[in-house]
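Have a look at the model alongside them.

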Amino acid sequence: MSDPSKTNLITLTRHVFQDQVENYKEASGDLTLLLTAIQLGCKFVASNVRKASLISMTGLANSSNVQGEEQKKLDVIANEIFVNALRSSNKVAVMVSEEDEEAIFVETQYRGKYCVVFDPLDGSSNIDCGVSIGTIFGIYKVKEGSTGKISDVLRPGSEMVAAGYCTYGSCSTLVLTTGQGVNGYTLDTEIGEFILTHPNIQIPSRGKIYAVNEGNSKYWDGACTKYFHSLKFPEDPKKSPYSARYVGSMVADVHRTMLYGGIFCYPADSKSKNGKLRILYECFPMAFLVEQAGGRATTGRKRMLDVQPETIHSRSPIFLGSREDVQDIEAFYKAEA
């Protein structure tokens, strides 16, 4: 007899449809179809990342994005892939991409009832050296009575209906929440499907790893300086110091934090007073995922998902990961107030 675990695979599409049937009986299925378009984009980008060096897609594209960052060739291609996949799904009204200065409003005849905010290729500075990179996305439903306006995306992250990221590295793993926990799906390139491999991801309540760019430590505020010192030099002599692990690709660092616990940090400092990471398509989706997995996400002074973005490219400091680790940094900020 064949092994059911190898012949009765739970794909991402099957799992999302099953969740819809069991938990959202009145749902139209539009979100499920939108997620199908997103996973198509992830498969397409994963394919391009794997063969980038072979088809001359590494290196710079001789252009900059709205952030003033030099674009890699794959940045441009990944953005086009997702814009086209989302537009053709007929389920999207507004798109916000890290690579585009303005929001994209889908033509009326193709317009749906969702807004998607995304970073098509996070960590792209690592492309040429083969380090894990990824895609981050968040989904809002347009407000009642709206046909798709900028106000439909300039909302707190707590109003998102789904969020996820996809890693491109030794394997391609898509981690997703629709507000009912977090699941991870790994791409089987032979059959071209994302297969459920990490059901019901739960972040440990405390970890042993911290991820932060310590090259910026001279610019940190007092709370950050004291917090990271406490991780490296704990007062209790019986307590081991935390290990430092920092890839410099948010997707890679957060994915490790989701699985192993600990804390990921990108604080504000005297050089970047509002932080560096973008609220809509980096901080919010990751904060939503982390909270759904039992973790915590904060600016240091406020719950991340309660922040009100002022513009589509607004930035924020962020600390996310294991609940107790994040509470520790919040305590340091409270003491500094």
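1. Start with α6 (residues 250–260) and α7 (residues 279–292): in this predicted model, their axes come within 11 Å and cross at roughly 10 degrees. With angles under 35 degrees counted as roughly parallel, the two helices are therefore roughly parallel to each other. The crossing of α6 past α7 is right-handed.

2. Which residues make that contact? From α6 you have M250, V251, V254 and M258, and they meet E282, M286, L289 and V290 of α7. Sorted by class, that gives seven nonpolar residues, one charged and no polar ones.

3. Next, α3 (residues 30–50) against α4 (residues 73–88). Here the axes lie 9 Å apart and the packing angle is about 155 degrees, which makes α3 roughly antiparallel to α4. α3 also passes α4 in a right-handed crossing.

4. The α3 side of this contact is made up of L34, A37, I38, G41, C42, F44, V45, N48 and V49, while α4 brings L74, A78, I81, F82, A85 and L86. By class the count is 13 nonpolar, two polar and no charged residues.

5. Then there's α5 (residues 222–232), where A223, C224, Y227, F228 and L231 are buried. Why do they sit on the same side of the helix? Because they cover an arc of only 115 degrees around the axis of α5.

6. And what covers those buried residues of α5? The elements involved include the strands β11 (209–211), β13 (263–266) and β17 (318–321), along with helix α8 (323–336).

Methods
Residues are numbered from 1 along each chain as its sequence is written. This is a predicted model: local features need pLDDT of at least 70, side-chain atom pairs count only at pLDDT 80 or more; totals for chains, interfaces and linings use all residues. Side-chain values use heavy atoms; hydrogens and water are left out. Axes are lines fitted to C-alpha atoms, for helices over the stretch in contact, and angles run from 0 to 180 degrees between N-to-C directions. Helices (H or I, at least four residues) and strands (E, at least two) are DSSP runs, numbered from the N terminus. Angles under 35 degrees count as roughly parallel, over 145 as roughly antiparallel, 65 to 115 as roughly perpendicular and the rest as oblique. A crossing is left-handed if the near helix is turned anticlockwise from the far one by less than a right angle, and right-handed if clockwise. Contact means heavy atoms within 4.5 Å. Ala, Val, Leu, Ile, Met, Phe, Trp, Tyr, Cys and Pro count as nonpolar, Asp, Glu, Lys and Arg as charged, and the others, Gly among them, as polar. Buried means under 20% relative accessible area, exposed over 50%, partly exposed in between (1.4 Å probe, protein chains only). The arc is that of the directions from the helix axis to the C-beta atoms.
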